[in-house]
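Good morning, colleagues. Please look at the structure on the screen while I go through a few of its features.

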Amino acid sequence: MAYRSGGRRGGRGRGGGDFYRGRGRGGGYQQDGYYQDGYDDPQYQHHQPPVLQPARGGRGGQSYYNGRGGAYEPFGRGGRGGKRNAGDTDGMADHGGGPRRRGGQGGGNPLVYCRHFMDGTCQARSSPCGFKHGLLRLGGMPKAHSNGIDAMLIQENPEDSTKPILWTGSRDGKLKMWEMVEQDGSRLQFREKQDTNMQGCNVTSLLYAGDGVFVGQSNGVITCFRLNGQTFTLTGHTAPVYALLMLDDVLISGSWDATVRFWKFDAASQQFGCVQSVPVCSGVKAIANHTTQLWVATIEKIQVLDLSNNGTIGAGFDVPKVMDLLLYSGPSGSFMLAVTLSGHIKAFNLQTGAEEYDQQHSGPQQKIMKLAGLKDPSDGQDLLLFAKDNGWITALELPTMNERGSFRAHNEVEVRSMVSIPALGLLFTAGMDGSVAAWKFVPGGTPPCKAGGAPAW
Ligand SMILES: [Zn+2]
């Protein structure tokens with residue numbers, strides 16, 4: 001039987017926007033894959049149905065953003081110069097750790113998520129403590145790996161859909177598989193199910209497609225582990241493979257060797273073969289697909305390949321050092337979101353091809369490493385999350401880019417990997433110290449009751 005992906009899947013049209021890095025995925029989540037089978041289970045439907053929020057005017061006063069008019073605009077244009085306070089760690093790094101500042105309620109920061117609420121211990125039940133409520137820490141692993149984690153992947157558990165599987169790939173040369181089990185309604189426990197030695201190679205990217213996990217490695221090799229135990233080795237790249245994408249039956253890989261390769265499974269020989277290799281201008285860090293376009297983020301600029309015309313390189317964007325790309329399709333259209341090592345967040349309108357948003361969200365010392373998208377179950381708001389090299393993560397509301405809040409996910413280390421289950425408000429982050437943490441966006445107010453309360457995820 002031919003090895004092929006499970007077929008094309010678009011967004012499910014649940015009212016809000018969809019996040020995805022590619023179409024044609026097989027079963028299960030991959031990267032920011034949208035709602036998949038199994039998670040449609042009523043058990044996971046405890047949140048309110050998503051509600052569109054087309055106009056969010058008049059919020060200028062609440063946000064650090066200035067000059068937001070009342071009219072709906074997907075992304076503000078111009079006039080946004082200067083640095084924002086978003087993610088600025090000064091004065092908020094260790095909030096809540098000591099005695100409350102003088103001034104009582106005034107000591108907090110409404111744009112920083114409350115650390116005590118995260119752990120279910122904030123005593124400010126009836127009145128706000130000054131920090132933002134609405135994010136839980138479900139658990140984590142301080143030492144999932146002995147070195148930095150560059151790649152993660154969420155996969156639906158074929159044996160038990162209530163126990164999603166997390167894959168982590170590290171610079172310690174290991175690929176690990178974890179089963180996640182809910183405990184006490186608001187905690188996640190990680191159980192190591194598999195530990196694979198990648199023979200001295202760092203894991204640089206991961207993709208779940210069809211019935212296999214594709215592992216991009218630092219030596220340029222891609223290994224595919226099928227669920228049935230079969231293993232395939234895809235050789236051709238000569239430098240780390242940082243990006244993987246499945247489009248229909250074609251695996252697309254982007255490498256630091258400045259090529260994008262297209263692979264197909266040959267049923268006769270039972271092997272993957274490289275059907276095409278497209279040279280691009282420099283090393284590839286991320287790829288994303290929209291219709292017949294393949295966006296390729298190289299260290300020099302973004303190049304856009306025309307998949308309907310043999311991967312011909314078309315117009316691109318002079319944006320260097322893009323670390324991650326994410327496609328967002330919302331009520332106001334489809335956008336390619338990009339983040340850079342110099343701290344920029346950009347949004348490109350895929351209908352007009354124009355760059356509609358550009359903001360430097362951090363200082364020069366703070367690089368943005370990774371993007372993820374999810375829907376906040378408290379109000380159905382689409383969120384864009386970006387992770388920085390100081391361990392902080394900031395949530396922006398899409399498509400307005402208004403800041404919702406920031407939190408420190410990892411202690412003064414780069415967050416190089418971040419995956420989400422968008423419709424559930426679940427986020428997984430990993431640091432360069434080998435740690436993994438799980439997060440859940442929830443309605444604010446009082447922390448969930450741990451005894452007999454509704455499951456938090
Ligand atoms: Zn609090």
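**Repeat, core and sheet**

Over residues 234–266 the chain is 0% helix and 67% strand, with the end C-alpha atoms 12 Å apart. The model is a predicted one.

I turn next to the nonpolar core. The largest one has 109 residues, and those touching the most other members are M152, I287, V296, L325 and L385. The strand that gives the most to this core is β11, residues 241–247, with 7 residues. As a general point, nonpolar side chains in soluble globular proteins tend to be buried together. Which residues does M152 touch, leaving aside those up to four places away in sequence? They are L166, W167, T168, L206, S417, V419, F428 and A430.

Now consider a serine. S329 belongs to strand β19, residues 322–330. Is S329 buried or exposed? S329 counts as buried, because 20 C-beta neighbours lie inside 10 Å. S329 and L398 are 69 residues apart along the chain, and their C-alpha atoms are separated by 10.0 Å.

Finally, the sheet. Four strands form an open sheet in the order β2-β29-β28-β27, with antiparallel pairing. The edges are β2 (135–141) and β27 (415–421); each has a single partner strand, so one side of each is left without a neighbour in the sheet. From one strand to the next, the twist averages 20°. Within this sheet, β28 (residues 426–431) and β29 (residues 436–441) run antiparallel and are joined by 5 bridges. The bridge partner of L427 in β29 is W439.

Note on methods. Residues numbered from 1 in each chain as written. Predicted model: local features only at pLDDT ≥ 70, side-chain atom pairs only at ≥ 80, totals over all residues. Helix = DSSP H or I, 4+ residues; strand = E, 2+ residues; numbered from the N terminus. Core = buried A, V, L, I, M, F, W, Y, C linked by C-beta atoms within 7 Å. Buried ≥ 20, exposed ≤ 12 C-beta atoms within 10 Å, placed from the backbone. Contact = placed C-beta atoms within 7 Å. Pairing = 2+ DSSP bridges. Axes fitted to C-alpha atoms, helices over the stretch in contact; angles between N-to-C directions.
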